[in-house]
Amino acid sequence: MKKLAILGATGSIGASTLSVCRFNPDLYDITLLAASVSVDKMFELCLEFKPTYVSMSDQHARLALFHLLQNSQLSCQVLDDEASLLQLLASDEIDSVMAAIVGGAGLKSTLAAVQSGKEIFLANKEALVMSGALFVEAASRSGAKLWPVDSEHNAIFQALSPTLQQTIGVCDLPAEGVSKILLTGSGGPFLERELDTFSLITPAQAVNHPNWSMGQKISVDSATMMNKGLEYIEARWLFNTSAEQLQVIIHPQSVIHSMVQYKDGSVIAQIGNPDMRVPIAYVMGGKARIDSGVPPFDFFSSKDFSFAEPDYNRYPCLKLAIDACYEGQHATTRLNAANEVAVEAFLENKIKFTQIPQLIEQVLNLSGNQQVESIDHLFEIDAEAKLQAMKLIKRDFLC
Ligand code: NAD
Ligand code: MG
């Protein structure tokens, strides 16, 4: 049995991962569960899955969980701090890591697993958005195997040749006859909404995705289509694409999860119900088709498939992300940092929905491009951009 760590175990991807584990109890030994603040949820998971180690990034949560575990019959060890978590991830006690912490907060732990050559199930897209080239280089150096979990990237992965599947991060697409990666996105809940009412959009409306059930941050990102922008950057790094080889297509039904177009005119798509257990089962099974618990797709009750080009007036965040992708890691880190602050402020009713792209654009304009040399430098850029975004909110943006 492979020894599995689930980072972000109490979240939406964590829940889907554990659901796949329930269907396949002999595949993985759940060695580590990590999360931030949800003590009760984590205690429940400890009772059911009995991990050897458990980690909470929040100090109060860590202490509360420690007491709950002490009063139980369980022998799960609560890790002391972030350093112990990183050390464990790098050790022989872990073989495979589900990287599903939300946001840039997931970068350090994901990277620790990459640097020590682990098998990485990559759901946390923000890590790759921030550190792209450095992340891919670290994986090449250590021999870490990268498995895309994000449904689009997993669909693309499934539609690629075995040679390309084995060269994630350094793919030679033309050598295998690939002409284009077609990244599909639903367009979120506001695809049809009148543009002049966008400033009235509430957090409850924004997190109500028509097809997918996800965490709050990614749901808002889907409504602005920043999610597709982050995924564009993610695809650029995973599949080593040029600008001509990568295109976003709106497909409101979320049935086709992305496609690969070949030079002979063939297009290979991956189709299925919008349920993250499908890509998770595919990577956890190592490409073998294992039970995911997802019902088969019913073609006769499905709606028509439709496709459209994205409109950047409706989705300015998508344009900001694509532009940042070609400016470099400095810009994508600033974009990601400003977006994290903007989404949180929107969810707290501090800024309007339409102010999310405005804030990100202003933060991007505050600094010129720089060469990023190290991960520490990336964290400095991230912290600086977050501070700038918070100052701008206080100064100009409060509702
Ligand atoms: P979520 O908000 O439901 O869960 C986030 C998890 O991260 C929680 O377990 C939380 O405790 C943990 N976390 C947050 N900060 C942490 C920290 N500092 N240290 C340790 N743990 C921390 O989010 P989600 O929807 O599950 O998304 C997780 C990641 O997967 C995101 O990067 C998202 O973009 C990506 N993703 C999600 C989906 C989806 O369907 N939910 C699909 C594709 C990709
Ligand atoms: Mg996705």
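This is a predicted model: local features need pLDDT of at least 70, side-chain atom pairs count only at pLDDT 80 or more; totals for chains, interfaces and linings use all residues.
View 1. Glu152 belongs to helix H7 (residues 151-158) and Glu231 to helix H11 (residues 226-238), so the pair ties together parts 79 residues apart in sequence. Helices are DSSP runs (H or I, at least four residues), numbered from the N terminus.

**View 2. Burial of Glu152 and Glu231.** Glu152 is buried, with a relative accessible area of 7%. Glu231 is also buried, at 1%. Buried means under 20% relative accessible area (1.4 Å probe, protein chains only).

**View 3. The shell around ligand 1.** Ligand 1 is surrounded by 22 residues, and the closest are Thr10, Ser12, Ile13, Ser36 and Glu126. A residue counts if one of its heavy atoms lies within 4 Å. Helix H1 (12-23) and helix H6 (125-142) each supply at least two residues of this shell.

**View 4. Backbone contacts of ligand 1.** A polar backbone atom of Gly11 is 3.0 Å from an oxygen atom of ligand 1. For Gly8, a backbone N or O atom lies 3.4 Å from a ligand 1 oxygen. Polar contacts are pairs of N or O atoms within 3.5 Å.

**Notes.** Residues are numbered from 1 along each chain as its sequence is written, and chains are lettered from A and ligands numbered from 1 in the order written. Local features need pLDDT of at least 70, side-chain atom pairs count only at pLDDT 80 or more, and totals for chains, interfaces and linings use all residues, while side-chain values use heavy atoms, with hydrogens and water left out.

Key. A polar contact is a pair of N or O atoms within 3.5 Å; within protein, one must be able to donate a hydrogen and the other to accept it, and residues adjacent in sequence count only if both atoms are side-chain atoms. Buried means under 20% relative accessible area, exposed over 50%, partly exposed in between (1.4 Å probe, protein chains only).
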